[in-house]
Amino acid sequence: MPSKIDWPKAIQPLLKKYKTTKHPLEYKSIYQLLVMVVLSAQDSDRNINTIAPKLFEAFPDMNALSRATEETLFPFISKVRNFATKAKWLIEIAKTIKEDKKIPLTHESLTSLKGIGSKSANVILREAGKPAEGVIVDLHVVRVAPRLGIATGTDPKKIEKQIKEILPQKDWDAGMAMSFHGREICRPTPKCEICLMTPVCHYYNTVIKKLTVK
Ligand code: SF4
């Protein structure tokens, strides 16, 4: 493996592969995505996808949600982790925004809302087709990025900073691409034998390759 990887070039196959892959949250509008992103914190996308249809039947848009109370919302989200806190956040967000068309689509305005951190804001912007204002670093990226060698450490903020320094802004969707890659291929037990990143991957070239050569 070359000692210094040209990451803006090396990351392209991964970006290309996942360019049009939609987020695993099964949303039908940006309103639904925003609500599901808030609910999915420390819970699984699968669980949120399961409870979503009934929730959105009862609260089809931001306006309906702005009229919700904790009592009317609880029955639909009681299987979600920290649902009481999340209900408060969602009602506050809906009362602030009021209408779907007023959902703000900048990183700064999204992160000013309760329950929406930098990662969630980046997910919403990506799915809304807005240019990346940050790099999505979730649990998968925290595993994949150091394996690849594009970043070091386990702190999501520091990993995001390193990736932003190494890649041009047009390629900041690399975070989401690494996240999809982590769900599919670079699992906790990585499927290196079918991975397209082996030529540049630090972990593969320093650990796996040596094991398989012996
Ligand atoms: S080569 Fe293996 S460790 Fe490296 S990114 Fe691919 S699956 Fe992950």
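**View 1. Two domains in one chain.** The chain splits into domain 1 (7–18 + 137–213) and domain 2 (30–127), with bounds that come from an automatic or database domain assignment. Taken over C-alpha atoms, the domain 1 and domain 2 centres sit 30 Å apart. Keep in mind that this is a predicted model: local features need pLDDT of at least 70, side-chain atom pairs count only at pLDDT 80 or more, and totals for chains, interfaces and linings use all residues. Residue numbers start from 1 along each chain, as its sequence is written.

**View 2. Helices from end to end.** The chain has 13 helices and zero strands; these are DSSP runs numbered from the N terminus (helices: H or I, at least four residues; strands: E, at least two). The C-alpha trace spans about 65 × 30 × 25 Å along its principal axes. Of the 214 residues, 36% are buried (buried: 20 or more other C-beta atoms within 10 Å of the residue's own; exposed: 12 or fewer; partly exposed: in between; C-beta atoms placed from the backbone).

View 3. Domain 1 and domain 2 each put in at least three. Zoom in on isoleucine 163: leaving aside neighbours within four places in sequence, its contacts are Val135, Ala145, Ile150, Ala151, Ala174 and Gly175 (contact: C-beta atoms, placed from the backbone, within 7 Å).

**View 4. Around the ligand.** The shell holds 13 residues, with Cys186, Pro190, Cys192, Cys195 and Cys201 the closest; a residue counts as near if its C-beta atom, placed from the backbone, lies within 6 Å of the molecule. By class, the shell has 10 nonpolar, one polar and two charged residues (nonpolar: Ala, Val, Leu, Ile, Met, Phe, Trp, Tyr, Cys and Pro; charged: Asp, Glu, Lys and Arg; polar: the others, Gly among them).

**View 5. Histidine 202.** This residue sits in helix α13. Histidine 202 counts as partly exposed because 16 other C-beta atoms lie within 10 Å. Not counting residues up to four places away in sequence, histidine 202 touches Arg147, Leu148 and Gly149. Alanine 145 is 57 residues from histidine 202 in sequence, yet 9.8 Å away in space, C-alpha to C-alpha.

Terms used:
Contact = placed C-beta atoms within 7 Å.
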